[in-house]
Amino acid sequence: MTDTRDDRPADATFDFLRLAFPPEWREPPLGQAAVAQWEHENGVALPEPYRTFIAEISNGSSLGPAGDGGLQPLGRLPDSWPDLGPRQPGEPFPLDEAWAWEDDESVDPEDPRVDAVFTKGSVVLGSEDGQSFWLLLTTGPRRGEVWMVADVGAVPVPGNRAWGFAEWVRRWHSGSEWWD
């Protein structure tokens, strides 16, 4: 695994994340050693500030930006997640721009590129409306960005200048709509 650790963000970022996730809604943090072990087993360094958030503040929350079930603990998948094989967060995320495969005539129902979007180069943050999922990219040129993937395509959120984890949480915490 190539070490692609980011510098630790400013304390103000973590102060905000603690505020956004009240203690009564937090799952226990994993600790630095457990996060490092998960990274080693999966061949990837998690992007900051997500990495420190799950290590020191909370490994998931039943309250959170993802509308259905809150913020998923590291490695856990929403109940509605499609069964497309094992997750591979250390493998390259296959996209560097939005792709609406439902409108792409070159895509057939068994296209392996679609499965790769769901299984490679990301961790699942949660689900929205049952069949849409928030991903945090862990590899590639868009590493650290939040994307939404659904059965029709994948898109950086809210557009080409995608948010990182803290910005995504900030948007949710402000009560604003995702796509404004």
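Colleague: Why is the contact between the side chains of Asp-15 and Arg-18 called a salt bridge?

Modeller: The term requires a side-chain nitrogen of Lys or Arg within 4 Å of a carboxyl oxygen of Asp or Glu. For Asp-15 and Arg-18 the N to O distance is 3.6 Å, so the pair meets the definition. This is a predicted model, in which local features need pLDDT of at least 70 and side-chain atom pairs count only at pLDDT 80 or more, while totals for chains, interfaces and linings use all residues. Residues are numbered from 1 along each chain as its sequence is written, and side-chain values use heavy atoms, with hydrogens and water left out.

Colleague: Where do Asp-15 and Arg-18 lie?

Modeller: Both belong to helix α1 (residues 11-20) and stand three residues apart, about one turn of the helix. Helices are DSSP runs of H or I with at least four residues, strands are runs of E with at least two, and the numbering starts from the N terminus.

Colleague: What makes Asp-15 partly exposed?

Modeller: Buried means under 20% relative accessible area, exposed means over 50%, and partly exposed is in between, with a 1.4 Å probe and protein chains only. Asp-15 has 48% relative accessibility, so it is classed as partly exposed. Arg-18, at 34%, is likewise partly exposed.

Colleague: Which residue pairs with Glu-145 in a salt bridge?

Modeller: The partner is Arg-142, and the closest N and O atoms are 2.7 Å apart. Glu-145 is called buried because its relative accessible area is 15%, and Arg-142 is buried at 9%. By this rule the count comes to five salt bridges.

Colleague: Why is Gly-64 called buried?

Modeller: Its relative accessibility is 10%, so Gly-64 counts as buried. Gly-64 lies in the loop between α3 and α4 (112-119).

Colleague: What does Gly-64 touch?

Modeller: Contact means heavy atoms within 4.5 Å. Leaving aside residues up to four places away in sequence, Gly-64 touches Phe-21, Gly-70, Leu-71 and Trp-172.
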